[in-house]
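Here is a short report on a protein model. Please have the sequence and the structure at hand while reading.

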Amino acid sequence: MVRSSQGGSGHRISDDLVLTAAHVVDESGEVKLFDTDNWLPFRRVWHDDDLDVAVLKLEAIGLAAVPPVRWGLLSSGAPRVLVEAHGFPNFQALGEGAPRDYEQIDGHVNPLSGAARRQLHISVDSKLWRSGPRPWPGMSGAPVLCRGRLIGVTTETVGDSNRLAATPITEFIFDKGMQQILRASVHHDSVVEPADLDGIVSVNLPWQKPRSWVSLLRPTADVVPYRSQGDDLVDLFGWASQEGFDTCLLHGATGVGKTRLAHELVRAVAKRGGAAAFVAEFDDINSEARDSLARLTRLRHQTLLVIDYAETKPDVVRRLIESLSQNEDEELPVKLLLLARSAGTWWDLVRTRSTMLDDVLHDARVHRLVAKPLTADQQIKVYIEAVRGFAERLPSIRECAGQDWTGIAQRLAASSPLYDRTSGSPMACQIAALTGLLAAGAVGDDIVAQSTRDQLLAHERRYWLRTAHEFLGVDKLPEGLLDDLVALVCLYGARTRADALAVLAHYAKRDEPESMGRIAEFLARLLGHPSDGYWQPVHPSSLAEHLVVERIHAQPWVIIGTLPHVRDYQLVHALTLLSRAAPTDKVLWGHVASVAKKHRHRMPFELLAGAAVAVPDSRGIAAVIAEAHRELRPAQRAVVAAFSGKTPSDQARRELWNLYSQAYSNLPEAQLRRAASRAASIQELLSIVRPGLTNGIGAGMEMLPLVSDDLDTLFRAFAEGGEFAEATGRGGYGYNEYAVETTRKARDAAKRVVGRLDELSPYRNSFSKAPGVLDELGPALTELASEITDIRQRLDELAEDFGAAGSD
């Protein structure tokens, strides 16, 4: 609550700043924070009477910290955006002079209503328990929130009691004075996110607290100033500002700076009032994703959306192009930026998938980003910048607290930096700076490692061990175990807890749900839950790839013991990562090929070929296909030739698209194709032994009773002969005659047994193959059942959503 010349509400946007309406405050006054009893003095540090907005600075020390506010805008004119407003209206005062209670309003905004007056109009949907002609005094200054983002400040009532007006944050957030005040308080530039696209965009905020040393290397961390190696950022910003819809593919090898460049472009567009964000891994069956997608055809702000690893997301690329290209305002700058390792077969398939895509993408930009090696002087300059930047952020990590990192950075910057300069890239300089700081600060024991990447991983293990101690209660783990576990997370990922448990169970060779569950959750907490699943890998990706390759060489069981048993999407993820990390590593791909050869029906041609389409170098996957699927049909050979670089025929192109989308898509259509492919492989698997087993079992059912009778005759002959010998004595009267007769009966019975078994011998091969086939059949049936269960669950969710929509 705020009290000055009038009473009102407000919202704390940082540790010491409060946002409110200008008309409720003078130059000073008092603020009562939520859940406290004390009134704190403030002074007004910024205001705009025309917009009716003011910022207050609290004159107090020792205030509890709050996360910086997330700012948002409404990018689309599509109606009914769900919002909330939080404040302290006068009607919540329970008696004369009593303090006002808290009111949470839910409602919706139709973005075009009030736009001419530079306002947002909130239609209140929650029922008022106290009514009257003016129920809202005291709500002025209340925040208006959409999906957790602050999109406006409540200023007045419009018309009757069911509508409030608010000033959108886009009217004042870009003011220079406002920006200076915010930067002085939160120490970073404010980022405005498209709140109404929350169902399809990801969170990329610079102020997120680092989990560990490695997290400081993420592009979103903003530790080191962006260093352009040419005009790429300027050119892309110019492209993003041009009228109309367009797509650009930015591709290049790992570590060249694609993601960092895209983040800088997103922020540059957002700072000028545009709606800019990275796209998350969304499921367009999800109701929130569908709502956001529907808004893309009615955009009213300059818009830039970025898809990272676009080559592995054909559905997302296609869906966004179809929506963005149909925006009602054809002159509005609307752009889609695709980031990928290469512009190979996958891009050709996407562009020519349909007539519409061919028309839209015909003139799409394709730009290869190449990192220019830094000169020795440039490397030193980047190194020193990175040392100083990391020194500012290291105190926020527990193990680094209490050290004079500024002094350490000064000493390190003044010395001759020692690091591997072979790559000459900015990322190599940053890794060297971070490892150099940690070594100079004596964080833990001395580390002996060959490369800066290995040094960084050695430091990261300390964070892993500390988390293991806190979560699992262990002080020491077997050598290499923690690395193996993290490598499994990086190699496969996991959408669900059950998928994570399955990976751990096969790695550990035991199924103990309780202990495996704790380890699975530990790994999820260690590396963070992704927005679309349960496990996410180490970042940056180059470090994850380095760790996976190193662990497979050190402990082949990491891949041999798990690859045959993972879900299809995890298999594709592993093939993609390995193809990026080490496409020509014969030892590594030899392990994959041995698994594929032994478990051919768990790694079918269709899935291998589909994965090969998206990778920058498919030689490893091609070698696996050659080893595990030697008898290819002509159509399959044409597919291999196509993803290996040869110009495909129209038929091969269509088949290649089907396999590509089948491998990387999560839509029910692709899931059904995968299920059908899995069913076909099971049928093929059974065909290996089914005729022999069927006929063999039939013959056995006929023969085995006869064999049993013959064996019984044989047994009785010998038993009766023994009894007669005991009764008469060997050599006694009649013994020889009886022995001859008994031996004849036994011989005839034995001949019949041998003859009958010979009749069954043609079926022996089928029975000998059966155990191996059944070993393959079990996991194949399990994967088919899981795929069908996923399809059923997602279609049930879709039906439920449509049912709810129909009842509204």
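The model is predicted: local features need pLDDT of at least 70, side-chain atom pairs count only at pLDDT 80 or more, and totals for chains, interfaces and linings use all residues. Residues are numbered from 1 along each chain as its sequence is written, and side-chain values use heavy atoms, with hydrogens and water left out.

## Salt bridges

Side chains of opposite charge can pair when their charged atoms come close. Here a salt bridge is a side-chain nitrogen of Lys or Arg within 4 Å of a carboxyl oxygen of Asp or Glu. The model has 30 salt bridges by this rule.

| Pair | Closest N to O distance |
|---|---|
| E171 and R118 | 2.9 Å |
| R341 and E545 | 2.9 Å |

Take the pair E171 and R118, joined by a salt bridge. It links distant parts of the chain, 53 residues apart. E171 sits in the loop between β14 (163-168) and α1 (176-186). R118 sits in the loop between β10 (103-109) and β11 (120-124). Helices (H or I, at least four residues) and strands (E, at least two) are DSSP runs, numbered from the N terminus.

E171 is partly exposed, at 29%. R118 is also partly exposed, at 45%.

Next come R341 and E545, which form a salt bridge. These two are 204 residues apart in the chain. R341 lies in the loop between β19 (334-340) and α6 (345-351). E545 lies in helix α15 (residues 541-554). Both R341 and E545 are buried.

R567 is in the loop between α16 (557-560) and α17 (568-581), and D499 is in helix α13 (residues 497-508), so the pair ties together parts that are 68 residues apart in sequence. R567 is buried, with a relative accessible area of 11%. D499 is buried as well, at 9%.

## Positive phi

Most residues other than glycine have a negative phi, and most peptide bonds are trans. Which residue has a positive phi of about 60° although it is not a glycine? That is R118, the residue that pairs with E171. Y309 is another non-glycine residue with a positive phi, near 50°. Y309 lies in the loop between β18 (303-307) and α5 (314-324). Its relative accessible area is 24%, so Y309 counts as partly exposed.

## Around V144

V144 belongs to strand β12 (residues 143-146). Is V144 buried or exposed? V144 is buried, with a relative accessible area of 1%. Contact means heavy atoms within 4.5 Å. Leaving aside neighbours within four places in sequence, V144 is in contact with V83, E84, I122, R149, L150, I151, G152, T154 and A166. V144 and L120 are 24 residues apart in sequence, and their C-alpha atoms are 9.4 Å apart in space.

## Helix pairs

Two packed helices are described by the angle between their axes and the distance between the axes. Axes are lines fitted to C-alpha atoms, for helices over the stretch in contact, and angles run from 0 to 180 degrees between N-to-C directions.

Helix α10 (residues 426-440) and helix α11 (residues 452-472) have axes that come within 9 Å and cross at roughly 50°. The two helices are therefore oblique to each other. Angles under 35 degrees count as roughly parallel, over 145 as roughly antiparallel, 65 to 115 as roughly perpendicular and the rest as oblique. In α10, I431, A432, L434, T435, L438 and A439 meet T452, R453, Q455, L456 and H459 of α11.

α17 and helix α19 (residues 605-614) pack at about 45°, with axes 9 Å apart. This pair is therefore oblique too. D568, L571, V572 and L575 of α17 make the contact with L607, L608 and A611 of α19.

Notes:
Buried means under 20% relative accessible area, exposed over 50%, partly exposed in between (1.4 Å probe, protein chains only).
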